[in-house]
Structure formats: C-alpha cells, structure tokens
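Hi,

Here is the structure I promised to pass on.

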Amino acid sequence: MKRYRLVVAANDILSDPSRRRAYDLFGAGWSTHPDNGGSACSSDHTTRQRWSGFHDNNSPAGNATWEDWEKWHQRNSRGAQAPVYTSNGGFVSLVAFVVALSAMSQASRVDEHQQYFADRIELVHNDCHENIQRRKDGTKELSSADLAILRFMRSREQGGTNTYVIGAGPRRILIDTGEGKASWSQHILSLLSSERTTISDALVTHWHPDHVGGIADLLSLCPQARIYKHNAAEGQFHIDDAQRFGTDGATLRAFHCPGHTTDHMAFVLEEEDAMFTGDNVLGHGTAVFEDLRTYMTSLKRMQNQFSSRAYPGHGSVIEDGPMRVSEYIEHRHQRQHEVLSVLAQSSKTAQAVDRAGKRDDAQADSLVTGEMSPMEIVKVVYQDVPENLHTPAAGGVVQVLQMLAEEGKVVQSADHHRWRIMEDSGDGLSKHGS
C-alpha cells in the first residue's frame with residue numbers, strides 16, 4: 001500500500017505542470033504525501049525545509065523514474081516480496097477447468113448449429129410436402145383419372161373440350177387449346193402459377209375450332225411456346241407420324257389417325273402406354289367422321305397402339321381404352337348392318353307390291369322401287385334419337401351408304417338422292433363385317 005501511495009504522489013507531481021515546475025526547481029511537492037501531513041499550499045521555504053530531510057541516499061526524490069522508486073521501496077520494505085507459486089495439482093486443475101469451459105462453449109455452439117440445420121431441413125421438408133400436396137390437390141380438381149398419374153392435369157368446361165398439361169418439370173407440354181374461352185385462359189394461368197411452370201410445346205390433335213381456339217390466348221401467356229399440328233398453318237410446326245415429344249416425366253409419340261378429320265393426330269404416352277385419342281374416340285357417345293372407311297382403318301390401327309387408358313378430346317377418361325375402340329368398331333359395323341337391313345326390307349316390300357300387280361309406274365317411292373333417301377333410313381335406324389339430331393345422323397348414314405357402295409352392296413339412284421340394295425347381294429347381311 002505504501003508503494004502504491006508513492007506512485008500516486010509521483011503521478012500527481014508529474015501530471016500537473018505547475019507542480020512539475022516546482023519540483024524541478026525546488027524539489028517541492030513531496031509534502032502532499034499523506035504520511036507527511038503537509039499541504040501543497042506551503043511556502044517554498046517551508047517546503048524546502050521539510051523536503052531537505054529526504055535529500056540523502058535513501059531519498060526517492062533524487063529522481064522521478066520508476067526504477068528509483070522501486071529500489072527505494074525494496075530498501076525500505078521489510079524484505080523483497082517472494083514470488084508466489086502454484087502447486088502442480090492446482091495448475092492441472094486450472095488447465096482442466098479451462099479445457100472444460102472451452103469444451104462446454106464448443107458443445108453449446110455445436111448444439112446451436114445442429115438446431116439451425118435441423119430447422120432448415122424441417123423447412124425444406126415442409127416446403128416439398130406442400131408442393132407435392134398442392135400437385136395432388138390440383139390433380140383431384142382437374143382430372144377424374146387415378147391419382148397414380150400425377151403428371152396429368154386435365155381442364156375442361158362442362159361439356160367442352162378437354163385440354164391436358166403433361167409433365168412434371170418447369171417446361172411442360174399442352175395437348176389442345178380449347179375453344180378460346182376466357183375461363184380456360186384464366187384456369188391455365190392459375191395452373192401454371194401454382195405449379196411454377198410454363199408451356200414449351202402445344203400439340204393440336206386437329207383443326208376444329210374447339211381445339212385450336214385457345215392458341216392466341218396460350219401464346220399471350222407463354223410467348224415462347226411452339227405450336228405443333230399435322231398440316232401446320234403458318235407460324236406453326238408440322239407433326240410427322242411417330243414423331244416424339246419429351247418433357248420431364250413424359251414421352252409422347254404422335255400417331256396419325258385420319259377419319260374424324262384428315263389431319264387428326266393421337267398421342268401415345270409411352271411411360272403409361274396410354275393414348276390421347278382426340279375426337280376419334282370420345283368419353284361419351286360416338287364420334288363423327290369425314291370418311292367412314294378411313295375412320296374404320298384408323299380405329300383398327302389405334303386399337304393396337306396402347307393397352308391402358310384413353311384420354312379423349314371430350315368426356316371422361318376411359319379406363320380401358322382399347323376396349324372402347326373395339327366398341328366403336330363394333331358400333332360402326334352394327335350401323336352398316338342396320339342400314340343394309342332397312343334397304344333389304346324396302347326392296348322386299350317393293351317386290352311384293354310388284355308381284356301383286358299393284359305397281360303404279362307413276363309412283364316413285366320405296367313401296368314401288370325399294371329405294372330410300374338417307375333421311376328415310378334415319379327415321380327407321382335412329383327412331384330412338386331426338387328428331388333435332390336426325391340431320392347430323394343423316395350425314396353419318398350417307399357415309400355408311402358410300403362405303404357400302406364401294407363394296408358393291410348398294411347403288412345410288414340416277415338423281416343421286418336415293419339408295420337401294422343391289423339385287424345380286426341378297427339382303428347384304430352375309431357380307432357384313434367382311
């Protein structure tokens with residue numbers, strides 16, 4: 001403590017310019033030491049008298065350096081302070097304590113990092129789960145197909161055209177574009193946003209307005225999308241038979257199957273062995289066609305191209321696609337049979353009238369000639385169909401008659417408005433299905 005007081009007194013002297021000057025000139029200032037009981041305000045003479053007793057070899061006032069103060073303290077203290085040593089056990093305990101403290105600190109930091117990474121993993125897991133669930137929910141809303149086929153998304157207005165978004169990545173394929181309704185465009189925009197994806201390629205099954213009507217809307221949403229179609233229009237890309245289109249999770253193979261239209265294309269999904277049948281095969285009712293013989297040929301070829309589901313251009317998904325194609329083929333054969341039966345019966349009635357001698361040469365109807373118009377045939381064959389559908393049905397009957405004429409089973413009248421069965425073909429039924 002005495003040493004500390006000397007250091008404080010020296011610091012007071014040396015840090016104050018006026019005291020430092022008095023100390024340099026007269027040695028004044030030491031009177032402020034607490035042991036002397038003096039005052040810094042004493043006169044120079046008194047100060048010199050009080051200070052003079054220290055001007056000997058033992059006085060620290062001879063110099064203000066630290067070494068002199070230290071020497072003076074050692075000479076006047078009872079003895080030099082001995083160094084303090086710790087025992088080996090104490091040192092080992094101290095080192096062990098420091099090591100333990102460091103280990104605890106490191107363990108705490110490791111726990112913090114582990115918790116951070118665990119939280120991050122949990123966040124990523126939750127985000128992936130939400131994305132998968134969102135895709136499942138979207139599939140439930142957009143398709144009646146089984147949820148095992150998650151890559152298919154189907155959107156359609158009630159009774160309208162089906163459009164399919166195919167794939168699982170950021171760039172997907174669209175089959176058909178709908179009628180061009182604003183609701184379709186809004187639906188596709190919502191779907192693309194929720195799935196964080198875009199349409200890279202649009203495949204059009206055929207030229208009918210209810211399948212190409214949304215092309216402009218699609219390009220406004222996805223300007224980079226490429227439009228593919230058989231017999232492509234300007235600015236579009238042509239589709240060849242057997243051409244393949246790929247995206248994440250799906251490969252599509254084009255299959256040219258004219259009949260409904262001459263440019264009609266179906267698409268086989270190779271991963272699922274399923275087919276997008278366009279309007280050749282529908283989810284309800286039957287299809288119309290431009291040329292029956294060509295259509296029948298296409299149906300027979302389609303039947304062997306896939307083994308599972310059919311995704312039609314209209315109506316619900318067909319679980320057994322090939323079976324539905326077989327039913328279409330059988331239905332067409334049945335219609336041919338019915339038309340031949342009606343004409344055969346008309347011919348028999350005319351022959352009976354002729355044998356009875358009741359024929360009037362002025363008459364020219366089915367009772368006399370056995371000839372019938374397509375609409376007369378419709379009224380017999382389609383008698384259970386609403387009358388407002390008879391006109392389009394008559395178009396199908398004309399297609400049947402033309403095909404039967406090519407087979408030599410029926411003949412057209414001179415005025416091209418009526419048809420009759422060939423006399424040498426019997427009732428024509430024996431050749432059915434050939």
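Before the helix pair, one term: a helix axis here is a line fitted to C-alpha atoms over the stretch in contact, and the angle between two axes runs from 0 to 180 degrees between N-to-C directions. Please also keep in mind that this is a predicted model.

With that in hand, take helix α12 (residues 374-381) and helix α13: their axes come within 9 Å and cross at roughly 110 degrees. Angles of 65 to 115 degrees count as roughly perpendicular, so that is how α12 and α13 sit relative to each other. On the α12 side, the residues that meet α13 are Pro374, Met375, Ile377, Val378 and Lys379. Their counterparts in α13 are His390, Thr391, Ala393, Ala394, Val397, Val398 and Leu401.

Helix α13 itself covers residues 390-406. The buried residues of α13 are His390, Ala393, Ala394, Gly396, Val397, Gln399, Val400, Leu401, Met403 and Leu404. As a reminder, an α-helix has 3.6 residues a turn, so residues three or four places apart point the same way. Just past the end of α13, glycine 408 has a positive phi of about 75 degrees.

Now the strands. In β9 (residues 265-269), 5 of the 5 residues are buried. Met265, Phe267 and Leu269 lie on one side of β9, Ala266 and Val268 on the other, and both faces are covered. What does β9 pair with? Strand β8 (residues 250-256) runs antiparallel to β9 over 5 bridges, with leucine 252 opposite leucine 269. Strand β10 (residues 274-278) is also antiparallel to β9, joined by 3 bridges, and here phenylalanine 267 has phenylalanine 276 as its bridge partner. β9 and β10 make a hairpin with 4 residues between them, and aspartate 273 in that turn takes a positive phi of about 55 degrees.

One loop residue is worth a click too: threonine 197, between α6 (182-195) and β4 (198-203). Is threonine 197 buried or exposed? Its relative accessible area is 12%, and the cut-off for buried is under 20%, so threonine 197 counts as buried. A polar atom of its side chain lies 2.9 Å from the backbone oxygen of proline 170. Leaving aside residues up to four places away in sequence, threonine 197 touches Gly169, Pro170, Arg171, Arg172 and Leu192.

Cheers

Technical notes:
Residues numbered from 1 in each chain as written. Predicted model: local features only at pLDDT ≥ 70, side-chain atom pairs only at ≥ 80, totals over all residues. Heavy atoms only, no water. Helix = DSSP H or I, 4+ residues; strand = E, 2+ residues; numbered from the N terminus. Expected span 1.5 Å × (residues − 1). Buried < 20%, exposed > 50% of the residue type's maximum accessible area, 1.4 Å probe, protein only. Pairing = 2+ DSSP bridges. Polar contact = N/O pair within 3.5 Å; in protein donor to acceptor, adjacent residues only side chain to side chain. Contact = heavy atoms within 4.5 Å. Parallel < 35°, antiparallel > 145°, perpendicular 65-115°, else oblique.
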